[in-house]
Amino acid sequence: MSLTPTGSSKRLFIAIEMPHDIRQMCKAAIHQHLLPSDKFNSSSSVAWILDEAKYHCTLRFLGEVEDTVIPELSCSLKNIGLKTAPFSIRLGNVGCFPENDVDKARIIKFGLLRETDDLDTLVENVEEAVVKLGFRRELRPYNPHVTIGRVKTQKIHTKRNRRQNIPLPLSSSLKSLLFKSSGLLNFKEDSASIRVEHITLVHSTISGSVPIYETLERYVLEG
């Protein structure tokens, strides 16, 4: 089954929403630790996400999905909720993607720590459900995180005279924070705990260069 759009479609992803207190912690950490360090040639190298409503953990990015497929997708996610019990994860420390390569960083994120195997089981169940609907299987290892910033890019000309976008260099102080992230923010274990009680189907659109997220449906975990 092909999901190549032939008519009306929506750009979708499946996510875990961050509770209000965790969103506040993320935003405070950005303002207190990361923004003051993000100065390179007197300007910022990172487009920080300061709208706390946008903090989430993506379980599966789907891309363009035809409207005719969405009801079946929704039914599959509801069934996953029926057999999945609520569980807990925890907000981890700041880092970047690609990991272990600060000089090529494109995404700044907070990691999420597994307390049990429940998150991985949920991701596997979501993956099996979407593959049955015709989506290509995701082969990359799952790395749970909350995106908090995207490194800005600049266009350069290659030797073959092709234009290429490369990330702007990060300031040395921001690199140091990312490189020495272990224990940086010292989130208390209890306050950084996230109780996952539902998953969300999200519609993503772009207004200018700013993503706008609309919740289409929430699926309670009640297994």
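This is a predicted model: local features need pLDDT of at least 70, side-chain atom pairs count only at pLDDT 80 or more; totals for chains, interfaces and linings use all residues.

Visitor: Why are H2 and H3 called roughly antiparallel?
Guide: The angle between H2 and H3 is about 150 degrees. Angles over 145 degrees count as roughly antiparallel, and H2 and H3 are therefore given that description. The crossing of H2 past H3 is right-handed.

Visitor: Which residues of H2 and H3 meet?
Guide: From H2 come Leu-73, Ser-76, Ile-80 and Lys-83, and from H3 come Leu-122, Asn-125, Val-126, Ala-129 and Val-130. By class, the residues of this contact are six nonpolar, two polar and one charged.

Visitor: What makes Glu-52 buried rather than exposed?
Guide: Its relative accessible area is 16%. Buried means under 20%, so Glu-52 qualifies as buried at 16%. Glu-52 sits in the loop between strand E2 (46–48) and strand E3 (56–66).

Visitor: What does Glu-52 touch, not counting residues up to four places away in sequence?
Guide: Glu-52 touches His-20, Arg-23, Gln-24 and Lys-27. For Arg-23, 29 residues from Glu-52 along the chain, the C-alpha separation is 5.5 Å.

Visitor: Why does the pair of side chains Glu-52 and Gln-24 count as a polar contact?
Guide: The contact between these two side chains is 3.3 Å. The limit for a pair of N or O atoms is 3.5 Å, so the distance of 3.3 Å between Glu-52 and Gln-24 falls within that limit.

Visitor: Is Asp-21 buried, exposed or partly exposed, and what makes it so?
Guide: Asp-21 has a relative accessible area of 40%. Buried requires under 20% and exposed over 50%, so Asp-21, at 40%, is partly exposed. Asp-21 belongs to helix H1 (residues 20–34). Its C-alpha atom is 8.3 Å from that of Ser-191, 170 residues apart along the chain.

Visitor: How do you know that Ser-204 counts as buried?
Guide: The relative accessibility of Ser-204 is 8%. The cut-off for buried is under 20%, so Ser-204 counts as buried. Ser-204 is part of strand E10 (residues 198–207).

Visitor: Which residues are in contact with Ser-204, leaving aside its neighbours within four places in sequence?
Guide: Arg-11, Phe-13, Ile-212 and Tyr-213 are in contact with Ser-204. Arg-11 and Ser-204 are 193 residues apart in sequence, with 5.5 Å between their C-alpha atoms.

Visitor: Where is the cis peptide bond that involves Pro-98, and what is its omega?
Guide: The bond runs from Phe-97 to Pro-98, with omega near -5 degrees. Pro-98 is placed in the loop between strand E4 (87–97) and strand E5 (107–114).

Visitor: What can be said of the chain as a whole?
Guide: Its secondary structure comes to four helices and eleven strands. Of its 223 residues, 42% count as buried. Among contacts between residues at least 6 apart in sequence, 74% join residues at least 24 apart.

Technical notes:
Residues are numbered from 1 along each chain as its sequence is written. Side-chain values use heavy atoms; hydrogens and water are left out. Axes are lines fitted to C-alpha atoms, for helices over the stretch in contact, and angles run from 0 to 180 degrees between N-to-C directions. Helices (H or I, at least four residues) and strands (E, at least two) are DSSP runs, numbered from the N terminus. Angles under 35 degrees count as roughly parallel, over 145 as roughly antiparallel, 65 to 115 as roughly perpendicular and the rest as oblique. A crossing is left-handed if the near helix is turned anticlockwise from the far one by less than a right angle, and right-handed if clockwise. Contact means heavy atoms within 4.5 Å. Ala, Val, Leu, Ile, Met, Phe, Trp, Tyr, Cys and Pro count as nonpolar, Asp, Glu, Lys and Arg as charged, and the others, Gly among them, as polar. Buried means under 20% relative accessible area, exposed over 50%, partly exposed in between (1.4 Å probe, protein chains only). A polar contact is a pair of N or O atoms within 3.5 Å; within protein, one must be able to donate a hydrogen and the other to accept it, and residues adjacent in sequence count only if both atoms are side-chain atoms.
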